[in-house]
Amino acid sequence: MKKWVRGIYLPLILLFLYLPIVVLIVQSFNAGVSRARWEGFSLRWYKELFASPQIMRALYVTLSIAVLASIFATILGTLAAIGINSMGKKASSAMLTLTNIPMTMPDIVTGISLMLLFIFTKVSRGYFTMLLAHVTFNTPYVILSVMPKLREMNKYSYEAALDLGATPSYALRHVILPSIFPGITTGALLSFTLSLDDFTISYFTTSPLVQNLSTLIYSEARKGIKPTMNALSALMFVALLILLLVVNRRTSADHK
Amino acid sequence: MEVSNRLIDLQNITKIYGETEVLSDINLYIRKNEFLTLLGPSGCGKTTTLRIIGGFEYPTKGRVIFDGKDITNDPPYKRRVNTVFQKYALFPHLNVYDNIAFGLRIAKMDKKQIALKVGKMLELVNLQGYEKRSVDSLSGGQQQRIAIARALVNEPEVLLLDEPLAALDLKLRKGMQLELKRMQQALGITFVFVTHDQEEALTMSDTIAVMRDGKIHQIDTPKHIYDEPKSAYIANFIGESNIIRGTMIQDELVHFCGQDFVCVDSGFDKNEEVDVLIRPEDLHIVGTDVAQLTGLVKSVLFKGVHYEMIIEAGGFEWKVHSTVMAPEGSQVGLSVIPFDIHIMRVEKEESDPGGEE
């Protein structure tokens with residue numbers, strides 16, 4: 001009995017976790033419109049997907065926001081981490097707490113508060129505000145991945161560089177940045193993934209005219225799900241899966 | 001000493017962190033080609049002094065003069081000094097060659113010359129053929145040599161060394177002491193060396209500055225510091241010692257252990273209370289008939305070169321170093337020549353001396 005439970009427990013969990021996604025992926029290859037009947041294998045929905053200007057525009061928005069947001073967040077987060085690291089003990093732990101809070105906040109709170117801020121400051125919502133929002137929620141994750149690398153650094157490395165004639169900016173470029181580079185790339189990849197993944201915050205900080213893939217899927221779903229959305233979701237899943245695998249491999253390599 | 005010989009001149013340096021005064025009114029000059037050691041227990045301010053010379057800290061008060069110019073507020077990269085850090089601080093993302101070439105590349109030296117200089121440095125520190133090695137693959141001693149090479153390749157006028165040998169084991173440390181001294185003499189560079197190891201200081205230095213609680217207590221040659229320490233604190237910190245309270249009867253006559261002893265010191269007040277220092281190797285075991293003090297041997301330890309005996313005489317336990325062994329429990333005589341009795345002024349505040357390492 002015990003053995004039987006042990007044998008079935010994990011497969012059962014994995015089944016519940018992944019069955020919906022498997023169904024989605026299988027459905028994306030269904031030739032028919034019906035979700036209840038299998039009408040044969042077809043790439044029809046994938047073709048329609050790439051032929052739809054609306055979806056292609058959303059894909060462009062998603063990717064460009066992810067790229068730009070991760071670039072800005074990486075620059076901001078790295079500089080912030082370097083600053084925090086060279087603060088005194090008390091100030092640095094206070095700052096870290098401040099930068100960690102947004103990560104624990106529910107997305108809906110972040111999203112609504114950003115929306116209120118944009119309304120209050122009379123910034124019309126669209127591509128720019130969505131980008132700002134993404135930079136905002138990505139930056140703490142970059143700080144989080146760069147910080148351990150900075151802590152690992154010999155604290156005299158920077159001084160040694162100055163001692164050898166380096167100006168502070170030369171030391172930053174030739175000593176500090178190369179030493180923490182693994183942390184920076186991890187942070188950038190993480191930002192990119194989070195940005196691709198985000199729905200809630202994007203939903204509140206953009207206008208209906210500028211949609212990324214997740215907000216588009218949401219508004220389409222309200223009208224009834226088209227099979228193209230299955231194909232789109234399946235593609236997003238695979239893309240995110242690959243990215244996550246890369247990030248995980250990097251982080252585990254860092255810990256060695 | 002002529003002023004022109006002073007390469008570095010620290011004038012009235014005071015450093016305050018928050019409420020603690022780490023350095024109080026330090027005055028110190030370092031001559032060209034001198035090997036100067038800042039010696040003291042941890043927390044005495046020796047590292048802070050070095051960091052002020054290097055430009056990593058700025059004094060709260062006072063000035064740093066380098067070769068006649070005021071460099072008090074110059075950043076490290078504008079100073080003609082280089083530092084060997086305690087934990088080496090090599091750049092882990094660069095190989096041995098690039099570590100050593102770091103400063104030369106900043107100075108925009110051409111590639112051929114860099115290669116030539118790096119090669120010469122590796123030869124100097126005995127690590128030829130290590131150019132392509134990653135610094136993480138090196139042993140502590142090898143990393144230390146690379147750190148020294150990385151600093152020396154820039155041909156600084158002064159090399160600052162912050163306890164550079166502290167992380168090495170005893171045998172390696174002894175070897176590096178000799179090597180550093182050899183390099184300093186061969187290159188004619190001024191060394192400022194920080195250590196808490198009195199033996200290291202005595203072996204390597206031209207001049208030792210003994211520091212305590214943010215002040216310089218005595219600055220002198222190793223021999224003078226050993227033979228004529230200014231206070232019981234320094235006597236205890238440098239070498240082993242017997243220190244006993246006594247009274248100055250008159251010039252060149254001191255009273256302790258219930259007896260008068262002829263000595264060579266003068267200039268004290270009549271009946272002034274003084275500390276009397278007699279090094280363990282200066283007490284001689286003699287026959288009781290010719291002895292100045294007689295006493296009982298309480299313990300005997302064999303130390304290799306000599307025996308260390310504790311002899312109770314005149315109400316004091318004397319530490320005696322001698323190649324002649326007197327058996328435990330025996331009655332012996334002790335004598336000391338006037339020249340080896342050293343009289344010191346009593347320090348105002350009584351505090352426990354720094355331990356011997």
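**Close-up views of a predicted two-chain model**

**View 1. Chain A as a whole.** Chain A has 11 helices and 0 strands in its secondary structure. Keep in mind throughout that this is a predicted model. Followed along the sequence, the pattern of chain A reads α-α-α-α-α-α-α-α-α-α-α. Taken along the principal axes, the box filled by the C-alpha atoms of chain A is roughly 75 × 60 × 30 Å.

**View 2. Helix α3 against helix α10 in chain A.** Two packed helices are described by the angle between their axes and the distance between the axes. Here helix α3 (residues 53-85) of chain A packs with helix α10 (residues 213-222) of chain A at an angle of about 145°, and their axes are 8 Å apart. On the α3(A) side, look for A:Gln54, A:Ile55, A:Ala58, A:Leu59 and A:Thr62; they meet A:Leu213, A:Leu216 and A:Glu220 in α10(A). By class, the residues of this contact are 5 nonpolar, 2 polar and 1 charged.

View 3. Side chains of opposite charge can pair when their charged atoms come close. A:Arg44 and A:Glu48 form a salt bridge, with 3.6 Å between the closest N and O atoms. Because A:Arg44 and A:Glu48 are 4 residues apart in helix α2 (residues 44-51) of chain A, about one helical turn separates them. Over all chains, the count by this rule is 30 salt bridges.

**View 4. The interface of chain A and chain B.** The size of an interface is often given as the accessible area lost when the parts come together. Chain A and chain B bury about 1700 Å² between them, with 65% of it on carbon and sulfur atoms. To this contact chain A gives 18 residues and chain B gives 19 residues.

**View 5. Polar links across the interface.** Between chain A and chain B, 6 residue pairs are in polar contact, both residues being at pLDDT 80 or more. The rule finds 1 salt bridge across this interface: the side chains of A:Glu159 and B:Arg51 meet at 2.7 Å, N to O. On the side of chain A that touches chain B, the elements giving two or more residues are α7 (157-163) and α8 (168-197) of chain A. That side of chain A has 10 nonpolar, 6 polar and 2 charged residues.

**View 6. The domains of chain B.** The domain assignment divides chain B into domain 1 (3-227) and domain 2 (241-345). Between the C-alpha centres of domain 1 of chain B and domain 2 of chain B the distance is 40 Å.

How values were computed
Residues are numbered from 1 along each chain as its sequence is written. Chains are lettered from A and ligands numbered from 1 in the order in which they are written. This is a predicted model: local features need pLDDT of at least 70, side-chain atom pairs count only at pLDDT 80 or more; totals for chains, interfaces and linings use all residues. Side-chain values use heavy atoms; hydrogens and water are left out. Axes are lines fitted to C-alpha atoms, for helices over the stretch in contact, and angles run from 0 to 180 degrees between N-to-C directions. Contact means heavy atoms within 4.5 Å. Ala, Val, Leu, Ile, Met, Phe, Trp, Tyr, Cys and Pro count as nonpolar, Asp, Glu, Lys and Arg as charged, and the others, Gly among them, as polar. Buried area is the accessible area (1.4 Å probe) that two parts lose on being put together, summed over both. A salt bridge is a side-chain nitrogen of Lys or Arg within 4 Å of a carboxyl oxygen of Asp or Glu. A polar contact is a pair of N or O atoms within 3.5 Å; within protein, one must be able to donate a hydrogen and the other to accept it, and residues adjacent in sequence count only if both atoms are side-chain atoms. Domain bounds come from an automatic or database domain assignment.
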